[in-house]
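Here is my note on the model, as numbered points. Please read each point with the structure open.

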Amino acid sequence: MDYDLLVIGAGPAGEKGAAQAAYFGKRVAVIEREPHPGGAGINTGTVPSKTLRETALYFSGLSQRGLYGIDYQVKTNLTVRELMYRQQEVVRSLRHVVTENIDRHKIDLINGRAVFEDAHTVRVTREGQPDRRLQGDVILIATGSVPTRPEDIPFTDPRVHDSDEVLELERLPRTIAVIGAGVIGCEYTTIFAALGIKVSLIDGRDRLLAFLDAELAEQLRLQMGFLGVDLRLKEGVTRYVLEPDGVGLELKSGHSLVVDQVLVAAGRVANVQDLAIDRAGLAVNARGLLTVNERYQTAVPHIYAAGDVIGFPALCATSMEQARVAMVHAFDLKYKTRVAPIFPLAIYTIPELAMAGETEESCREKGIDYCVGRAQYRENARGQIAGDLGGQLKLVFRYPDKRLLGVHIIGESASELVHVGLMVLHAGGTIDTFIDVVFNYPTFGETYKYAAYDGLQAVQARSS
């Protein structure tokens, strides 16, 4: 069968790329090997883990922060079935949303494993059915990524998990070690800790999440301490010992510990190992990813790639935009020509963090003269009402013209709140924007105004 576009993978990038082309009248097929569309974003990663976070906050009572005379602690006799019920319902609902979108755009959704035969031909295999050969004028590879599984780690033991498997726990452990303090590792660490599980977080680096503003990264470290996390930085596991009553970890420092379960969050690589991409003239780079240009073309011009399969930033939001830009270029749609140069990042730890733009550290590295303005949730009426007294919004802006350079937030609704600053960043605005506009009261949004006033004081202090 011949198509204008073949998409391999029905995750966020594949779905949106397919819909973009189909919207403009192209004949499109999406090939998905898993039983359900949605990719890791809906089925094993983003949505499940974020739903689990909200469930953990609910069952632990942590979101109440001791309000109304309630002391937070995990409900007794909590089962995994109770914990995962909401996650399963959300995933089921969003799978339906994705399927409806594919149907609405009249896209052929073909279930099976895709293998390249040549640069325009893909063979689809499915157990119990004859193979199908599909040809596409344009091909979009959007197969996502899979967890890295180092050979020296005993993943065959049912107590050792990667980040895709951890949601399949049959029971809640008393203790767990999380190996790797990246975004996934930090998120699961705080979720487990909120559930009353004793968590040891082990990482070889000297600080958490190096891309974050250092001030907020330090606040996250402190919050992990409040949750009882045993954080071990500049540390590594030299040996895994499978014992009858747990998994023993021998550490680089000479220390050791025994835990009920282990989560290894050691990064991810492109999920292309079964595609026979060499037949299409492609190969992964040294990091195990596909290389693309600014239009998301691979080395073979009619084959595009988007999402986790090309690496950083590997976010659902950016993956969707990459695929849209790729298809606009592929079919000369004269529409969306680039992914926005500034994009938001959100880390769904407890508390959550979000950022957009420059950090203090990046400003210093680039030689940018800057100032900072801060506002604390404890001084905000909504923060007091919600009981989040540790949150903070931080603005980084250029001196002396006050042009906004970066927004950094830790606390309640950070992932939503960051978009206010993001729009000012995109418009090239200054912190005066926040001073000039009216914010509802009481809201977290009002922290922008007071962070801007704090920044204005910093400017005046330097000018005097």
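**Notes on helix packing, a cavity and backbone geometry**

1. Helix α3 passes α5 in a left-handed crossing. A crossing is called left-handed when the near helix is turned anticlockwise from the far one by less than a right angle, and right-handed if clockwise. The contact draws on Ser49, Lys50, Leu52, Arg53, Ala56 and Ser60 of α3, and on Glu187, Tyr188, Ile191 and Ala194 of α5; contact here means heavy atoms within 4.5 Å. By class, the residues of this contact are five nonpolar, two polar and three charged. Ala, Val, Leu, Ile, Met, Phe, Trp, Tyr, Cys and Pro are taken as nonpolar, Asp, Glu, Lys and Arg as charged, and the others, Gly among them, as polar.

2. This is a predicted model, in which local features need pLDDT of at least 70 and side-chain atom pairs count only at pLDDT 80 or more, while totals for chains, interfaces and linings use all residues. Residues are numbered from 1 along each chain as its sequence is written, and side-chain values use heavy atoms, with hydrogens and water left out.

3. Helix α3 (residues 46-60) packs on α5 at an angle of about 25°, and their axes are 9 Å apart. Axes are lines fitted to C-alpha atoms, for helices over the stretch in contact, with angles running from 0 to 180 degrees between N-to-C directions. The two helices, α3 and α5, are therefore roughly parallel (angles under 35 degrees count as roughly parallel, over 145 as roughly antiparallel, 65 to 115 as roughly perpendicular and the rest as oblique). Helices (H or I, at least four residues) and strands (E, at least two) are DSSP runs, numbered from the N terminus.

4. For helix α1 (residues 12-23) and α4, the axes come within 10 Å and cross at roughly 25°. That makes α1 roughly parallel to α4, and their crossing is left-handed. Glu15, Lys16 and Ala19 in α1 meet Val98, Asn101 and Ile102 in α4. This contact has three nonpolar residues, one polar and two charged.

5. How many cavities of 30 Å³ or more does a search of the whole structure find? The search finds one. A cavity is a set of points, on a 1 Å grid over the protein atoms alone, where a 1.4 Å probe fits but cannot get out; lining residues have an atom within 4 Å of a point. The largest cavity holds about 80 Å³ of space, where grid points are joined across faces, edges and corners and a volume is the space filled by probe spheres set on the points.

6. The lining of the largest cavity includes Leu52, Tyr188 and Phe192. Its residues are 11 nonpolar, no polar and no charged. Helix α4 gives the most to this lining, with three residues.

7. Two cis peptide bonds deserve a look. One runs from Ile350 to Pro351, with omega near 5°, and Pro351 sits in the loop between β18 (345-347) and β19 (353-357). Another joins Tyr441 and Pro442, with omega about 0°; Pro442 lies in the loop between α11 (432-436) and α12 (447-463).

8. Leu209 has a positive phi of about 45° although it is not a glycine. Leu209 is in the loop between β10 (198-202) and α6 (214-226).

Terms used. 1 Å grid on protein atoms, 1.4 Å probe; cavity = no way out; pocket = protein on both sides within 12 Å on 5 of 7 lines; lining within 4 Å.
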